[in-house]
Amino acid sequence: MNDLGASLSAFMTRVAGPGRLDRLMRLSGGANMESWAFDWAGKGYVLRRAPSAEYMEGRPYGHADEAALVMAAHAGGVRAPEVVGVLGDGDGMGTGYVMHRVVAEVAPAKILAAPPPSLLADLARELARTHALPRATIPAAIPTMDTAAALAELKARFMAYGGDRPMIALAIKWCEDHLPVPADPVLVHGDYRMGNIMVDVAEETGGLAVVLDWELAHLGDAHEDLAYGCMTVWRFGRLDKPAFGVGGLDDFFAAYEAAGGAPVDRDRFHFWLVYRTLWWALGCLQMGQAWRSGADTTVERVVVGRRTAEQELDLLLLLEAEAPEAERLRALPASPPAAPGPVGEPVNREMVQAVRDWLEQAIKPRAEGHDKFEVAVAMNALGIVMRDLDAGVRAEEAALAGALLAGARTLAEPGLLAALRRAALDKLAVDSPKYAALARARSLWGGRE
């Protein structure tokens with residue numbers, strides 16, 4: 001912290017003039033990059049950075065190009081952050097850039113509890129503005145997405161991770177069979193969702209304040225942005241409001257078109273909803289690989305790696321309409337029987353529970369800031385382990401995954417959909433039992449336990 005403070009003070013003196021660094025604090029969350037809030041000369045700023053070159057490996061462009069894109073979006077009328085300076089090699093802080101801080105709400109739960117009336121239209125408008133940015137203003141380093149090539153890369157990653165998750169194999173095969181014709185490329189934000197926007201939640205003046213996290217931006221199909229924020233996982237429990245957890249799809253599409261966006265193609269939208277759900281399922285697996293390789297040894301990585309089960313359930317909900325009606329109505333097979341209760345010396349699950357209870361009762365109440373966030377993540381990890389030790393459920397089934405990927409087995413096969421449903425329910429009950437779609441799927445499929 002002291003080293004960062006000294007380096008940041010020198011940087012801010014150069015880009016913003018004399019001042020004093022106050023209230024430097026790391027912000028919670030952030031799957032890949034660090035974010036630090038601070039004051040300089042009485043004004044609020046945020047540093048977004050990767051602390052080392054290793055964090056940027058494999059990315060199509062660096063922070064200098066990302067900052068240039070954010071500046072172009074801001075200049076083009078998008079509510080993007082206002083960049084004040086980009087870190088250089090001599091600044092000693094890794095790579096990144098500093099922005100003016102926006103004071104607004106970022107927590108999805110707080111935003112969605114009482115969203116401003118204009119929010120759905122605001123979300124649509126900012127997407128329309130992003131997609132309309134002139135090509136000449138976009139940095140040359142921003143890549144163009146080839147959907148077929150990107151899908152092939154996802155498939156290769158799946159195989160590298162074991163190629164043994166049936167729901168993911170089913171989704172890859174579906175995407176291969178439903179690949180849309182290429183669209184005219186526009187600037188796609190790539191991570192446009194609740195959690196990456198800030199909202200003024202005031203009753204009278206509320207609305208979208210700023211669009212954050214441009215690191216996945218690329219040129220591609222506008223429907224990708226339209227679909228991504230509508231994924232179940234990014235609606236944070238608001239399952240009755242398919243557009244960002246805020247409203248209905250018809251109203252969202254109408255607002256997008258009214259703001260200058262091109263007409264929405266429903267089939268193309270559905271493809272991208274499946275594709276990005278698949279993408280995030282593999283992204284979760286990738287988090288686990290990052291921990292296993294030693295590239296990122298935080299507990300958060302292994303916990304996110306177990307969120308793959310959320311996306312597998314969502315994929316099945318998106319794709320089960322492909323099955324014949326008789327298969328959709330078939331009863332679920334039974335779950336594996338529960339293990340008997342422990343006797344004698346404490347078993348592994350009880351020892352894990354003791355550690356988790358200690359963290360909750362003795363450590364979490366004293367933790368602050370990012371430390372409090374990390375304690376909560378550790379407790380979540382131990383909870384997964386406890387449930388896993390009791391259930392003994394595994395998601396890997398290589399033979400079935402290979403057959404689905406090859407098209408040798410489909411959802412028309414008697415009993416297959418029911419078996420996949422049961423597997424998805426049981427795995428998610430271990431990995432993420434509070435995920436809202438789990439209760440919904442149990443109700444839809446008759447799988448109440």
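**Exercise 1. Leaving aside its neighbours within four places in sequence, which residues is Asp225 in contact with?**

Before we start: this is a predicted model, where local features need pLDDT of at least 70, side-chain atom pairs count only at pLDDT 80 or more, and totals for chains, interfaces and linings use all residues. Numbering runs from 1 along each chain as its sequence is written, and side-chain values use heavy atoms, with hydrogens and water left out.

*Solution.* 
- Look for contacts, meaning heavy atoms within 4.5 Å. The partners of Asp225 are Leu127, His131, Leu187, Val188, His189, Gly190, Tyr192 and Phe244.
- Now check its charge. Asp225 is buried but has no salt bridge, and Arg276, the nearest side chain of opposite charge, sits 5.7 Å away.
- The terms: buried is under 20% relative accessible area, exposed over 50%, and partly exposed in between (1.4 Å probe, protein chains only). A salt bridge needs a side-chain nitrogen of Lys or Arg within 4 Å of a carboxyl oxygen of Asp or Glu. Lys and Arg count as positive, Asp and Glu as negative, while His and the chain ends are not counted.

**Exercise 2. Work out what lines the largest cavity.**

*Solution.* 
- Search the whole structure: one cavity of 30 Å³ or more turns up. On a 1 Å grid over the protein atoms alone, a cavity is a set of points where a 1.4 Å probe fits but cannot get out, and lining residues have an atom within 4 Å of a point.
- Get the volume: the largest cavity holds about 30 Å³, counted as the space filled by probe spheres set on the points, with grid points joined across faces, edges and corners.
- List the lining: Arg59, Pro60, Tyr61, Glu66 and Glu215.
- Sort it: two nonpolar, no polar and three charged. Here Ala, Val, Leu, Ile, Met, Phe, Trp, Tyr, Cys and Pro are nonpolar, Asp, Glu, Lys and Arg charged, and the others, Gly among them, polar.

Note on methods: On a 1 Å grid over the protein atoms alone, a cavity is a set of points where a 1.4 Å probe fits but cannot get out, and a pocket is an open set with protein on both sides within 12 Å along at least five of seven lines; lining residues have an atom within 4 Å of a point.
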